[in-house]
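Colleague: Could you take me through the ligand site, slowly and in one go? I'd like the contacts, the surroundings and the space itself.

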Amino acid sequence: MTDDSPDIAERKMQFLFALRSRGVTDRRVLHAMEKVDRGLFVRGHFAARAYEDMPLPIACGQTISQPSVVGLMTQALKVSNRDKVLEVGCGSGYQAAILSQLARRVYTVDRHKRLVVEATDVFRKLDLTNITAVTSDGSFGLPDQAPFDRILVTAAAEDPPGPLLAQLKIGGIMVLPVGQSDAVQSLIRVTRTEDGFEYDEMLPVRFVPLVEGLGRDSG
Ligand code: SAH
């Protein structure tokens, strides 16, 4: 939010208030979300609603997540400025832009090339040089850059995909929605320990499904 008119200032305050009231309390996360303008990631007439706490449609029949869910997922990921992070489901690029404020390096992948191209444009405009966006099927992770300190998945699978578990460092954390696409999904946090994986259930959510293969535009 670059414009400082009273109306924008007011909407910005409401945006941050909504985040706090839904449990986003981590100061670094709030600061990142104050800094990165969600309006740049939403196109057309929905852009006017960018500062409301709701998911909105983006290209390719996908959605940009609800800001409070972005905040809660980012907070649960406990990202440090030494971390290399993988996001599966780049979409508009908004979540990756938030992660880029907190991490050393962010890789974000999407099965739709168009979304990757458009998100890359916004990253360039904002000079977010520590994000690399790639068109690929993220259910296989990103083997070339693995292992990762943190993994965030923003599309729902029935179970945590095996390749993503395998690409998580020991001590690493992955946050993802699991469950069938049209049924209730849960946001879970997986921590990799020396001996295996620990699972915490966080909250009910609703994400678009993790779909195998590339989108039709991405051949
Ligand atoms: N994080 C995004 C919202 C993501 S919506 C944002 O901040 O805007 C979920 C995204 O996951 C969609 O863009 C969809 O194309 C993508 N997706 C679904 N299955 C995928 C897969 N197997 N590999 C990579 N991306 C996938």
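Modeller: Let's settle one term before the contacts: a polar contact is a pair of N or O atoms within 3.5 Å; within protein, one must be able to donate a hydrogen and the other to accept it, and residues adjacent in sequence count only if both atoms are side-chain atoms. Bear in mind that this is a predicted model, where local features need pLDDT of at least 70 and side-chain atom pairs count only at pLDDT 80 or more, while totals for chains, interfaces and linings use all residues. Residues are numbered from 1 along each chain as its sequence is written, and side-chain values use heavy atoms, with hydrogens and water left out.

Now the contacts. Glu87 puts a polar side-chain atom 2.9 Å from a nitrogen atom of the ligand. With Gly138 it's the backbone: an N or O atom there lies 2.7 Å from a ligand nitrogen. Arg111 also uses a backbone N or O atom, 3.2 Å from a nitrogen atom of the ligand. On its own the ligand has 580 Å² of accessible area (Shrake-Rupley, 1.4 Å probe), and the protein covers 99% of that.

Step back a bit and there are 27 residues around the ligand, with Ser92, Asp110, Asp137, Gly138 and Val211 coming nearest; "around" here asks for a heavy atom within 4 Å. That shell splits into 10 nonpolar, 13 polar and 4 charged residues, with Gly counted as polar.

As for the space, the ligand sits in the largest pocket, in the sense that more than half of its atoms lie within 2 Å of the pocket's grid points. A pocket is an open set of points on a 1 Å grid over the protein atoms alone, where a 1.4 Å probe fits, with protein on both sides within 12 Å along at least five of seven lines; lining residues have an atom within 4 Å of a point. This one holds about 390 Å³, the volume being the space filled by probe spheres set on the points.

Its lining runs to 30 residues, and Gln62, Gly89, Asp110, Thr154 and Val208 lie nearest the centre. By type, the lining has 12 nonpolar, 14 polar and 4 charged residues. At least two lining residues come from each of β2 (63-64), β3 (84-88), α4 (94-102) and β4 (105-110), these being DSSP runs numbered from the N terminus (helices H or I, at least four residues; strands E, at least two).
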